[in-house]
Amino acid sequence: MRHETLAGQPRIPTEVSAMTAASLNVKPAYLKIANVWKAFGDFHALKDISLDIREGEFVCFLGPSGCGKTTLLRAVAGLDLQTRGSIHQGGKDVSALPPSQRDYGIVFQSYALFPNLTIAKNIAFGLENTKRPRAEIDSRVTELLKLVGLADQGNKYPAQLSGGQQQRIALARAIAISPGLLLLDEPLSALDAKVRTHLRHEIKELQRKLGVTTIMVTHDQEEALSMADRIVVMNHGVIEQIGTPTEIYRHPATLFVADFIGEANKFEAKAANGAAVGFGAASFSCTQHGFDDGAPVIAAIRPEDVIPHAINSLANGAATNTIDVTISEMEFLGSFWRTRLHGHALGNETLIADFSINAARRLSLTEGVQLTVELPAERLLIYPRGA
Amino acid sequence: MAMTIDTALPVGRALRLRLDRDELIKRGLMVVIALYLVVALAAPLAIMLSKSFSTYSFDLARFEFQVSDKDGNWSKPTTAEALNKALNAVPPAKLGTNSDGRLQATSFFPDFSFRSPVKYKIRGTTTDAAYLVGLKLQSGTKWQELTSNDFRRVMLRPSRALGLENYVAYFSTPTLFRSIENSVFIAFISTIVTVGLAFGFAYALNRSCMRFKDAFKLVAMVPILVPSLLPGIALIYLFGNQGLLKDLLMGVPIYGPLGIVVGSVFFAFPHAMLIISTALAISDQRHYEAAASLRASSWRTFWTVTIPGARYGLISAAFVVFTLVITDFGLPKVIGGQYNVLAVDIYKQVIGQQNFEMGAVVSVILLVPAIAAFIVDRMVTKKQVALLSARSVPYQPNPNRGFDTLCFAWCSLVAIFILGIMVTSQFAALVKLWPYDLSLSLKHFAFDRMDGGGWGSYYNSIRLAALTAVIGTVIIFVGAYMVEKTDGFRSGRTAFQFLAMLPMAVPGMVLGLAYIFFFNDPANPLHAIYGTMTILVVCTITHFYTVGHLTALTALKQIDQEFEPVAASLKQPFYKLFARVTVPVCLPAILDISIYMFVNAMTTVSAVVFLYSKDTTLASVAVLNMDDAGDVAPAAAMAMMIFYTNAAARLIHMFLSKALIKRTQAWRMR
């Protein structure tokens, strides 16, 4: 594996791994992607991707545009065949099968509803030619319409529905044939923010109810964090990290993941005696990192992990992982304040920290105020530098 | 740390998709339609090109003779070359010939008498030396003994060589190559006049608040419905030797460049107007508001906003008109007089002089400007599409009395010109004997009494148009679907797309001549369709393939690319999707293609003029032939019949579209 967690990287907390093992590990892999490559000429869109997805799991492929997530989904669907590697679904080798011989339902960002067919006929499209009696098809369509909460809309045309409703119809059409695998290609990207949040919840509910193995491609980290059982973070055609939303967020395996999901302050630092780093004029303890003394590293911390204290309320220094800073800018972002902090210990660097409204009120934070901030040792993330 | 150690792609072969039944059917269909285009377009053109480089001459060194005396003693074998040297029976200049050339073997035996008991022997010195004995083609190096009576009927056949001689001959014949200059001159002048008129017309339609816009639009489209011969006939009636308005020209004859230019402006006008109108319609209101807020004068706004915005439309219109005019055959044939142009030269070489090789040379020369114009037009059209996709606010004209009046006057002038030609033609068809007896009668519609095929040719034309519309639309739409909606097989699709675009660059005369070369070859298994309605349908579909193809592509591109994957994931065959979704959604475009094919099949002359037989005479060709025979009034009457038919077809198409759209396109209403 080219993406092993480094020695010294925070291990997955025990309670998380216990839960993962209990809920997921027991089931066998339903979809097995092994050493998949995709080459477009000299460009490699996927590089040696291996991944197991268990039955009933909701997995998100997350990454910036061009990272290969859609390419991987289309390989799974048989729409763009991988150049090398194999894909097994339900124990069957589907690597070279055309889409029609695979077992999945798919929902695209554009919904791809047939504009000249009514909603009911759209949903029934995949049920026809299956030797099902007409009455059975009709009752299945009614059931599906009810399932997606559009029971009385069957006779309308797609253009007469809102974007969110169209999305639900596309979903109903995809699950009508009870596929073993549900593929969602950026299904919510074309919707406005409110509808999107609402549908997120609905899709997740539906997926849980049906127990269908689902892969969703998205570039929206919030969507991935809130919906997925596991997230596959991709960049430049490789998998950066696979993990539960909390693992990914709390323990990003790479600097890219730390940066892409949530935000992170990054400081050029030097490793010191196994569990400490120094940057600016200060030194901080952190969890075991395994770097040699003096090795160049990046120390990162999320803005919301910075804890504010009143100035001089704590003993300063490496023991408490605190530094004194001055607020040079404050920006009100609704549910919290975003501050830009400068201090002697930081040198020329800026530390961005998010403080709750309460904390800001309690400590009377305004621009120019001095305070002490704590960078908790277990929240400091250490990554190698200069790679 | 996720070091991206870039391991290389493992060696091995790329995975290939296992083909399912759908994919096999699709590829099968694409191969069928591609084959159609190869047989109906690429192969004939290739043969024509090779013909233009083929020269034929009698190679006398290839034949050897022996003569016996009365007692049966044979002379020494002598080549025809040696005999000719001694006798100078056939001067070297006469040795060049065409593919049909024959040289009598007895020319080399001055004392030949078919009654003499002398016997002759002939053989080729090479295996491919060919000669006829009577009607039987012989070849080979075996001696053949013939009585003098049989030897009388021995004809040497020429041998074919590849070379530029035909082109050399063309360019050393001033009467021939002057046509290039004439054609380019005519096309150039017609282009300037047409684009100028059309721009003013389109500008008035889009940018003024004048009245009767719909009526003007209707009138502007009329020339599309008639053959290009019609303005020629009408102009002769107006300004010809016995023309009513002849004096207006003050001695300048209408026969020649003047007539061709005026007639060309008539039939090219709607094409230019449509293109420019589209370009003007997409301009952005916000640009004008910006110009107004910067206090630019309207003159300045015109030159800095309007013209640049419409420039691709103008360029495209110019090239389309240029191509239409330079490749048109009917009009210069009718009104050109002694003024030779390329398209008519092809006709004269082939039909008049039976010189097919020279016809091929002129065809190749005519292909050059047509292909050049085509390439420029394609480049420009691509840019225009990019312009279209921008989100813009459509321009809303404001009333302006002086300007609106000016626009109205301009459009009225153009409308009078178009209607004038139509009315003249109608009048000519109905008047008893122009200009002496102006009373009306229907006697000119009694086509059966004239040359040209009579009413039969009219019914043939309707059959041709209907067949072309139905079969052509199916082939074109299915072909476009295969190009647009299949993935994989990329090189095949690119080649197909190229073939589909090619007909636009091929003038009708060239296509027709290429068909003669290809289909009239007895060795061709498709020879059987030569002289039938089938070849006319094939030729007409191919001739007008590109515009239909582009229309279909545009409609298909507007359909979601994900329909096919969705249908496949739902385990539904592609033809179900095609029948239930693709065709219904594209129905308006499909109807447009069919009416386009119908109207053009009715009016076209150029390609089919080489291909009709006495059983398949066509109305448009009848117009040409009756005019040629001096029956100008019946020619005008037949041209008007074509107009009535096309107008009726258009009306039916309109009602049919409306009814169908109302029934099947309910989903378009919100």
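## A paired set of strands in chain B

In chain B, strand β2 (residues 63–67) and strand β6 (residues 119–124) run antiparallel to each other and pair over five bridges. Helices (H or I, at least four residues) and strands (E, at least two) are DSSP runs, numbered from the N terminus, and two strands pair if DSSP finds at least two bridges between them. Within this pairing, B:Val67 stands opposite B:Tyr120 in β6(B).

Both strands belong to an open sheet of four strands in chain B, with the order β3-β2-β6-β9 and antiparallel pairing. At its edges are β3 (78–79) and β9 (144–147) of chain B, each of which pairs on one side only. Strands of a sheet pair through backbone hydrogen bonds, either parallel or antiparallel.

## How to read this model

This is a predicted model, in which local features need pLDDT of at least 70, side-chain atom pairs count only at pLDDT 80 or more, and totals for chains, interfaces and linings use all residues. Residues are numbered from 1 along each chain as its sequence is written, while chains are lettered from A and ligands numbered from 1 in the order in which they are written.

## Chain A at a glance

Chain A holds ten helices and 20 strands, and its C-alpha trace spans about 80 × 45 × 40 Å along its principal axes. Of its 387 residues, 44% are buried; a residue is buried if 20 or more other C-beta atoms, placed from the backbone, lie within 10 Å of its own, exposed if 12 or fewer, and partly exposed in between.

The domain assignment, which is automatic or from a database, gives domain 1 (26–104 + 179–260) and domain 2 (265–384) in chain A. Their centres, taken over C-alpha atoms, are 35 Å apart. Four residues of domain 1 of chain A are in contact with four residues of domain 2 of chain A, where contact means that C-beta atoms, placed from the backbone, lie within 7 Å.

## A buried arginine

Helix α5 (residues 163–175) of chain A contains A:Arg173. Why does A:Arg173 count as buried? It does so because 30 other C-beta atoms lie within 10 Å. Leaving out residues up to four places away in sequence, A:Arg173 touches A:Asn122, A:Ile123, A:Phe125 and A:Gly126. A:Phe125 is 48 residues from A:Arg173 along the chain, yet their C-alpha atoms are separated by 7.6 Å.

## Where the chains meet

Chain A brings 45 residues to the contact with chain B, and chain B brings 33 residues. On the chain A side, β1 (29–40), β2 (43–54), β6 (105–107), β10 (238–243) and β20 (381–384) each supply at least two residues.

## Domains and cores of chain B

Chain B is divided into domain 1 (59–161), domain 2 (168–435) and domain 3 (447–485 + 529–668). The centres of domain 1 and domain 2 of chain B, taken over C-alpha atoms, are separated by 58 Å.

The largest nonpolar core has 292 residues, and B:Ala198, B:Ile233 and B:Ala272 are among those with the most contacts inside it. Such a core is a set of buried Ala, Val, Leu, Ile, Met, Phe, Trp, Tyr and Cys residues joined through C-beta atoms within 7 Å. Helix α21 (residues 574–603) of chain B gives the largest share of this core, 15 residues. Apart from it lies another core, of 16 residues, including B:Phe58 and B:Leu103.

Notes
Contact = placed C-beta atoms within 7 Å.
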